[in-house]
Amino acid sequence: MQEHERYMRRCLELAQLGIGSVSPNPMVGALLVSQGRIIAENYHRRFGGAHAEALVIEEVLSHYGDQATELLHQATMYVSLEPCAHHGKTPPCARLLAEYRVGRVVIACRDPFEKVNGAGIRILKDAGVDVVEGVLAEEALWLNRRFTTRVVQQRPYIILKWAQTADGYMAPPDGTQRWITGPGAKQLVHRWRSEEDAILVGAKTALVDNPQLTVREWQGKNPRRVLIDKHLAVPEDAKVFDGRAETIVFNAVKSDWAANIKHIELEDFDWYLPQKIAYQLYLMDVQSLIVEGGRKTLDLFIQAGLWDEARVFTSRTAWGSGIAAPVLHAAGAGHQVIGPDKLDVYYRNLHR
């Protein structure tokens, strides 16, 4: 079992490389071991592209030619998630492994998606493949918590994020813009944006801060921008409408789609607003969402119990007065120092 865990840990490392590129698919890593040596490894690299297991098979066929088939019969495939059993954008990986009669397949955890859950394992066993499952299952499920949240709860994985002063304020008393954290925190926030599907702010934040909500201090894709603007108060020349990323505006006025700006009118706007937004984003294949503020918007999600993770920066500076930061009734899961600032992380349901 210790040997299985060593190889599976490498699969999880590989899978992590797909963050920000494969949603709404899960992150998956795979490798093939023959005679105690890894002879091929890969990971799911982009949504719509080949899955990790298929890339590993392709590499073996390319490198070993006529010997590949016999090599696969005797080898062990390690994969961080149950091989898929249905036709999506690619053929089912379970049938591919069965077709090549891979000697053994070691799986971290089952795929919670209803079209797969257990079906991939059945295909392998019916083909005579030896299957071992449950190796580092908890770690694998944690890695794909965004994917699991979407397919099981039918909503995105929701991350709250804000910065506060040492004495607990997130904005000046007059609501104007004032920077709290240092450049290290800013760069980290841009990295987070590149890793998640969407980022959300309220109308007041868009009006006061005029944020771009794009990735500039890091390499990676821009997230979809989500704006809550009941009466469409944010002007058309605001930076969230600059065309650099798709922008979704939840409002009570109109539904309209022009270029990459989509207005979605919500009936009974003030009733169950965060739940409605979460479900609409689920329908749009948004797997993860950063809620960046302001205070009213953050409180909407907190009071609804509709969040999974919170990332809170605290600076050394004290203001003495201002708009108080939200209060979470959750135990901290860890902290780290980012330049002059401290970052605390919280989970609503800690299941690590």
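These questions and answers walk through a predicted model.

Q: Which residues does the UniProt annotation "binding site" cover?
A: The annotation comes from an unreviewed UniProt entry. Its residues are spread over 47 residues of sequence, yet they cluster in space, with a largest C-alpha distance of 13.9 Å. The lining of the largest pocket takes in these residues.

Q: Is Ala163 buried or exposed?
A: Ala163 sits in strand S6, residues 157–164. Beyond its neighbours within four places in sequence, Ala163 is in contact with residues including Tyr169, Ile180 and Phe313. Its relative accessible area is 15%. Buried means under 20%, so Ala163 is buried.

Q: What does 31% relative accessibility make Asp209?
A: Asp209 belongs to helix H9, residues 203–209. Buried needs a value under 20%, and exposed needs one over 50%. At 31%, Asp209 falls in between, so Asp209 counts as partly exposed.

Q: What is the angle between the planes of Tyr7 and Tyr78?
A: The whole structure holds four aromatic pairs. Tyr7 and Tyr78 form a tilted one, 5.1 Å centre to centre. Tyr7 lies in helix H1 and Tyr78 in strand S3, 71 residues apart. The angle between their planes is 45°.

Q: Over the ring of which residue does the charged end of Arg191 sit?
A: A charge over a ring must be within 6 Å of the ring centre. The charged end of Arg191 is 5.9 Å from the centre of its ring. That ring belongs to Trp218.

Technical notes:
Residues numbered from 1 in each chain as written. Predicted model: local features only at pLDDT ≥ 70, side-chain atom pairs only at ≥ 80, totals over all residues. Heavy atoms only, no water. UniProt positions renumbered as here; feature names shortened; annotations may be inferred. 1 Å grid on protein atoms, 1.4 Å probe; cavity = no way out; pocket = protein on both sides within 12 Å on 5 of 7 lines; lining within 4 Å. Helix = DSSP H or I, 4+ residues; strand = E, 2+ residues; numbered from the N terminus. Buried < 20%, exposed > 50% of the residue type's maximum accessible area, 1.4 Å probe, protein only. Contact = heavy atoms within 4.5 Å. Phe/Tyr/Trp six-rings, centres within 6.5 Å; stacked < 30°, edge-to-face > 60°. Lys NZ or Arg CZ within 6 Å of the ring centre and 35° of its normal.
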